[in-house]
Amino acid sequence: MFVDEYEELDISPFKICGILNSSFNDKKVHYFTDVGNNQMWAAHSLRLSLGQAIHNSGGLGAMGFGILTAIGISYAINDLVVVITGDGGALLNIQELDIIAREKRSILTIVLNNDSLGMVRVFQEMYFDGRDDSTYWNGYSSSFASIAKAYNIIAFTTTTDVEL
Ligand SMILES: Cc1ncc(C[n+]2csc(CCOP(=O)(O)OP(=O)(O)O)c2C)c(N)n1
Ligand SMILES: [Mg+2]
């Protein structure tokens with residue numbers, strides 16, 4: 001069992017990973033994360049079973065890694081491909097959704113949108129008296145689901161684990 005640090009929320013990274021764990025328990029899955037809190041949450045709470053693996057950019061910390069690496073690996077394997085990325089990392093290579101669409105790659109991409117460059121914001125809270133310069137603002141002008149739909153990808157936004 002893992003401890004859900006955000007138990008009070010209707011949806012949390014821990015709940016999402018819990019749903020992935022139970023939905024894909026007996027399936028071969030390659031998970032990909034980006035960089036930031038999304039990477040840490042996935043590492044904490046994905047429980048890999050036989051035939052499952054998780055990939056990230058490790059110490060390189062290359063934001064934007066998740067979606068495009070998943071596309072590349074999807075050509076090499078026949079297993080399920082699931083990306084867990086942050087909003088910041090997703091935006092660095094959002095144009096790759098066009099490759100997913102036109103090459104008809106079957107890739108489940110989950111954007112954990114906390115409207116924030118979360119990991120750096122946390123450092124600013126810890127070491128810079130909460131001066132969250134450039135890491136937190138009042139949300140985006142667009143929605144990730146709308147961007148994905150513009151690329152003809154099936155997409156939705158959810159704020160509850162029940163709906164997910
Ligand atoms: C190309 C690049 N730019 C900046 C950073 C520094 N950095 C590390 S984590 C992070 C925040 C990532 O934000 P987001 O993708 O929304 O993930 P979250 O931490 O919110 O889950 C940043 C800016 C980096 N690792 N790589
Ligand atoms: Mg974020």
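**Entry 1: the model.** I noted at the start that this is a predicted model.

**Entry 2: around ligand 1.** I began by asking how many residues surround ligand 1. I found 17 of them, and the closest are Asn37, Gly61, Gly89, Ser116 and Gly118. I then sorted the shell by class, which gave 10 polar residues, six nonpolar and one charged.

**Entry 3: which helices take part.** I looked up where the shell residues sit along the chain. Helix H2 (37-45), helix H4 (87-92) and helix H6 (118-127) each give the shell at least two residues. Which of the elements supplies the largest share of the shell? My note says H4, with four residues.

**Entry 4: backbone contacts.** Next I checked the oxygen atoms of ligand 1 against the backbone. I found a polar backbone atom of glycine 88 at 2.9 Å from an oxygen atom of the ligand. For serine 116, a backbone N or O atom is also 2.9 Å from a ligand oxygen. Methionine 119 places a backbone N or O atom 3.0 Å from an oxygen atom of ligand 1.

**Entry 5: the pocket.** Where does ligand 1 sit? I located ligand 1 in the second largest pocket.

**Entry 6: the magnesium ion.** I turned to ligand 2 and asked which residues coordinate the magnesium ion. They are Asp87 through OD, Asn114 through OD1 and Ser116 through O, at 2.0 to 2.2 Å. I wrote the spacing of these donor residues in sequence as D-x26-N-x1-S. Aspartate 87 is in helix H4, while asparagine 114 is in the loop between strand S4 (107-112) and H6, so I marked this pair, 27 residues apart, as a link between distant parts of the chain.

**Entry 7: threonine 158.** Last, I visited the segment after helix H7 (144-150), where threonine 158 lies. I found its side chain in polar contact with the side chain of glutamate 163, at 2.5 Å. A polar atom of the threonine 158 side chain is also 3.2 Å from the backbone oxygen of threonine 160.

Conventions:
Residues numbered from 1 in each chain as written. Chains lettered and ligands numbered in written order. Predicted model: local features only at pLDDT ≥ 70, side-chain atom pairs only at ≥ 80, totals over all residues. Heavy atoms only, no water. Near = heavy atom within 4 Å. Polar contact = N/O pair within 3.5 Å; in protein donor to acceptor, adjacent residues only side chain to side chain. 1 Å grid on protein atoms, 1.4 Å probe; cavity = no way out; pocket = protein on both sides within 12 Å on 5 of 7 lines; lining within 4 Å. Sits in = over half its atoms within 2 Å of the grid points. Nonpolar A, V, L, I, M, F, W, Y, C, P; charged D, E, K, R; others polar. Donors = N, O, S within 2.8 Å, 3.2 Å for Na, K, Ca; no water.
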